[in-house]
Amino acid sequence: MIVVEVMGGLGNQLQQYALYRKMKHLGREARLDVSWFLDEKRQSSVLAGRKLELSWFEGLPMECCSRAEREALLGKDSFTGKLKRRLWPKTCRIFRESGMYHPEIFAMDEVYLSGFWACEKYYADILPKLRESIVFPRKSRMQGNGEDALFARNAELMRKMESETSVSLHIRRGDYLDPHNAALFGGICTEEYYDGAIRYIRERCPDAHFYLFSDDPGYAREKYRGKEFTTVDWNTGENSLFDMQLMSRCRHNICANSTFSFWGARLNENPDKLMIRPSRHKNGQEAGPERMKELWAGWVLLDGEGRGI
């Protein structure tokens, strides 16, 4: 059996789910481990509390491992078991992601896979099947009188996006401005990167209309003015996943170094879509330009100066 750990935000959860589905596609017995979301100590170690957002999609096929199945690979969850895993890691069957792409995992069996698995090459071949399975909720996640109004507003915008040359543009600030995260993810999606991405789209689609998605909508609205820009700022809290749905309905996508917007682009069904992402996901990335082109086939990769690699 192969068990894939699920952790982090929605974009990361979808990548872990996609790897699980790839293993199933290859005929492997696979399960998901969602115990990360039940561990209060782990939750307190991240800047923003996370929920199992995979469970919010309608009818998403997924099978979770039992505690016994997890412990068969990792050992007991007791203090002694955890100490044993830390001091003698070879006593458990765990593989931890340490690079951008690990093809060796497809030859493994009886293993617990822990990582984020962002690389497109892991599951590019099954993305059409994933698009069929990932069905967004048909109502707001937040209770209240505005529930139907929010759903109707999103539906109206999706119709508009599908009738024009719409382009999603994602700007992530929020937790990326924290000193620790800034050291890891900062300085990548520069103003020059976004200028280059917008220029790339305009050269091919002069009538493009850009829809801005950001956890700092005030910044986005102030930075990008003009009739060709619209800031989408009403999907908040547990309704934030609807921003991903709106991104997927645009004809083209400009991503941040964020798995959230990667999935907005991946779920886009337009066969002629342009998907733009930064050539680096985080600082210290080891993969060079040629390797990135191989691992992210079909994407337009721009550096911090807005130039293609």
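I take contact to mean heavy atoms within 4.5 Å, and I keep in mind throughout that this is a predicted model.

I began with Leu-113 and, leaving aside its neighbours within four places in sequence, I found it in contact with Ile-2, Val-3, Val-4, Glu-5, Leu-19, Met-23, Phe-95 and Ile-105. Leu-113 is also, together with Ile-105 and Trp-263, one of the residues with the most contacts inside the largest nonpolar core, which has 62 residues. Helix α1 gives the largest share of this core, seven residues. Apart from it I noted another core of 21 residues, which includes Ala-197, Cys-205, Tyr-224 and Ile-276.

**Entry on β1, α1 and β2.** I then followed the chain through strand β1 (residues 2–5), which pairs with β2 in the parallel sense over four bridges, and I saw that Val-3 stands opposite Arg-31 in β2. With helix α1 (residues 10–25), the two strands make a right-handed β-α-β unit. Which residues cover the two faces of strand β2 (residues 30–33)? I find Ala-30 and Leu-32 on one side and Arg-31 and Asp-33 on the other, and all of them are buried.

**Entry on the six-stranded sheet.** Elsewhere I traced an open sheet of six strands, in the order β7-β6-β5-β8-β9-β10, with parallel pairing. Its edge strands are β7 (229–232) and β10 (300–302), each of which pairs on one side only, and the twist from one strand to the next averages 20°.

**Entry on salt bridges.** My count of salt bridges comes to 22. The side chains of Glu-29 and Arg-31 meet in one of them, at 3.3 Å from N to O; Arg-31 counts as buried at 11% relative accessibility, whereas Glu-29 is partly exposed, with a relative accessible area of 44%. Arg-266 and Glu-120 form another, at 2.6 Å from N to O. Arg-266 lies in helix α11 (residues 259–266) and Glu-120 in the loop between β4 (111–114) and α5 (127–133), so this pair ties together parts that are 146 residues apart in sequence. Both Arg-266 and Glu-120 are buried. I also checked Glu-164 and Lys-160, whose closest N and O atoms are 3.3 Å apart in a salt bridge, and Lys-160 counts as partly exposed at 40% relative accessibility. Finally, I noted that salt bridges with shared partners join Glu-29, Arg-31, Glu-63 and Glu-69 into one network.

Methods
Residues are numbered from 1 along each chain as its sequence is written. This is a predicted model: local features need pLDDT of at least 70, side-chain atom pairs count only at pLDDT 80 or more; totals for chains, interfaces and linings use all residues. Side-chain values use heavy atoms; hydrogens and water are left out. Buried means under 20% relative accessible area, exposed over 50%, partly exposed in between (1.4 Å probe, protein chains only). Two strands pair if DSSP finds at least two bridges between them. A crossover is right-handed if, with the strands pointing away from the viewer, the path from the first strand over the helix to the second runs clockwise. Axes are lines fitted to C-alpha atoms, for helices over the stretch in contact, and angles run from 0 to 180 degrees between N-to-C directions. A nonpolar core is a set of buried Ala, Val, Leu, Ile, Met, Phe, Trp, Tyr and Cys residues joined through side-chain atoms within 4.5 Å. A salt bridge is a side-chain nitrogen of Lys or Arg within 4 Å of a carboxyl oxygen of Asp or Glu.
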